[in-house]
Amino acid sequence: MLSIETIAVLIIGYLIGSIPWAVIVAKRSGVDIFSVGSGNPGATNVLRTMGKPMGYLVFSLDFLKGVLAVFWFQLPLFSFSGDASLGLWALPASVLGHTYPIFTGFRGGKGVATAMGGLLALMPACLLVGLFVWGLTFFLTKYVAVASIAFGLSLPVCSIVFFSNTDGVLGKTLLAFVVMAWIIWRHRSNLARLRAGTENRFEKKSRQKPKL
């Protein structure tokens, strides 16, 4: 039986994750993010269709959703018990909210940025390792989807290595596997496009020399 605190953390975490920042930011610029690019309401699609400043802004806001979902109940304003396992419920709830947000008819993004924000609060060492893996994979492949999947795959390994001799290792390792499985499942369409050779790849645009 879940406690009242756990239920509250799940509901609030889901609602925080449901805030559709990509939709909000794009709409303020007169863009329907569902009808441009890949149609995915996430930072990558915003970056591709609206430019880096907008894309980085959406990524940062989605990242902060994960941080807030894991931290809000630890504030002095709330009289929660301080159970360390609450954060393990909050993170997947916020990612679920981002992926299936109630405010946009359950049409959401992949959840990677929000997961990263939650990991900063719960497993910062694994987040750093995952970011390194993401950056290296993206540098080598130029595919955001491949880098995101590699990030997910790194989490269980990192969790076992870093938390094998600490309290709560089982919960954190299970969480790492859940996040990994969720990221891979959400990128199943990208995997299909990769197999077909149609996945979008980030390429540096070459500057044309002016004609004399």
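Analyst: Let's begin with Lys 65, which makes a salt bridge to Asp 62, with 3.5 Å between the closest N and O atoms. Please keep in mind that this is a predicted model. Both partners belong to helix α4, which covers residues 52-71. Asp 62 and Lys 65 are three residues apart there, about one turn of the helix.

Is Lys 65 buried or exposed? Its relative accessibility is 3%, so Lys 65 counts as buried. Asp 62 is buried too, because its relative accessible area is 2%, and the cut-off for buried is under 20%.

Searching the whole structure turns up two salt bridges.

The charged end of Arg 107 sits over the ring of Phe 34, 3.9 Å from the ring's centre. Likewise, the charged end of Lys 142 is placed over the ring of Phe 139, at 5.0 Å from its centre.

Now for rings that meet other rings. A pair of aromatic rings is described by how far apart the centres are and by the angle of the planes. How many aromatic pairs does a search of the whole structure find? The search finds six. One of them joins Trp 134 and Phe 138: with 5.2 Å from centre to centre and 20° between the planes, this pair is stacked. Trp 134 and Phe 138 are four residues apart in helix α7 (residues 124-141), about one turn of the helix. Trp 134 is partly exposed, at 24% relative accessibility.

Compare that with Trp 182 and Trp 185, whose ring centres are 5.7 Å apart; their planes meet at 45°, so the pair is tilted. These two tryptophans lie in helix α9 (residues 169-186), three residues apart, again about one turn of the helix. Trp 182 is partly exposed at 23% relative accessible area, and Trp 185 is partly exposed at 38%. Together with Tyr 100, Trp 182 and Trp 185 form one aromatic cluster.

Methods: Residues are numbered from 1 along each chain as its sequence is written. This is a predicted model: local features need pLDDT of at least 70, side-chain atom pairs count only at pLDDT 80 or more; totals for chains, interfaces and linings use all residues. Side-chain values use heavy atoms; hydrogens and water are left out. A salt bridge is a side-chain nitrogen of Lys or Arg within 4 Å of a carboxyl oxygen of Asp or Glu. Buried means under 20% relative accessible area, exposed over 50%, partly exposed in between (1.4 Å probe, protein chains only). Rings of Phe, Tyr and Trp (its six-membered ring) pair if their centres lie within 6.5 Å; planes under 30 degrees apart count as stacked, over 60 as edge-to-face and the rest as tilted. A charge sits over a ring if NZ of Lys or CZ of Arg is within 6 Å of the ring centre and within 35 degrees of the ring normal.
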